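My first request is to see the sequence and the fold.

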Amino acid sequence: MGGSGPLHSTALDKVLLARPRPGEAGTQSLPPLRVFTDRTIVDRERLAEGLERVRAQRYALNDGESALGVRAVAVPVFDNLGSALCALAVRGTPDLMACDRVEGFLEQARACAGALEVLLLPPSQRSTAAVP
């Protein structure tokens, strides 16, 4: 429950980096990108490309980037500006979150994120349309 890790290697943090709120700094303000596993992305250009994919698909995946044996998917909770107010992640082992089951986890996470938007934001601050 809760928590955050190195911004460049967790699904939760990549979702937040991909959709910063106005005034928040981008990846340039990150400290040096540390290696945690052989899958950790430490090249800033590759990270930026990955964040573009996160923006396009509206979720992030961590497949052993922050710790071996950990797979996670995360989805944003959008505000009316299209920024990620917060994010919701589902985390497990690769056996539990097998590739053919990821879409089901994403579906559930997106439903929860929609409920969180309603619970956390007054109507005037909720996303009103599909976020590009």
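My entries below go through a cavity and a pocket.

**Entry: the model.** I note at the start that this is a predicted model.

**Entry: cavity search.** How many cavities of 30 Å³ or more does a search of the whole structure find? I find one. I looked up the space in the largest cavity and got about 40 Å³.

**Entry: cavity lining.** I listed the residues that line the largest cavity. They are Val15, Arg19, Val54, Arg55, Arg58, Tyr59, Pro76 and Phe78. Which elements give two or more residues to this lining? I wrote down α2 (44-57) and β2 (71-78). I then sorted the lining by class. I count five nonpolar residues and three charged ones, with no polar residue.

**Entry: second largest pocket.** I turned to the second largest pocket, where about 200 Å³ of space lies. Its lining has 13 residues. Which of them lie nearest the centre of the pocket? I noted Lys14, Gly50, Arg53, Val54 and Leu61.

**Entry: pocket elements.** I checked which elements give two or more residues to the lining of this pocket, and found α2 and β1 (60-63). Helix α2 supplies the largest share, six residues.

**Entry: pocket classes.** I sorted the lining of the second largest pocket as well. I got six nonpolar, two polar and five charged residues.

**Entry: cross-check.** I looked for Val54 in both places. Val54 lines the largest cavity, and Val54 is also among the residues nearest the centre of the second largest pocket.

Terms used
Residues numbered from 1 in each chain as written. Predicted model: local features only at pLDDT ≥ 70, side-chain atom pairs only at ≥ 80, totals over all residues. Heavy atoms only, no water. 1 Å grid on protein atoms, 1.4 Å probe; cavity = no way out; pocket = protein on both sides within 12 Å on 5 of 7 lines; lining within 4 Å. Points joined across faces, edges and corners; volume = space filled by probe spheres on them. Helix = DSSP H or I, 4+ residues; strand = E, 2+ residues; numbered from the N terminus. Nonpolar A, V, L, I, M, F, W, Y, C, P; charged D, E, K, R; others polar.
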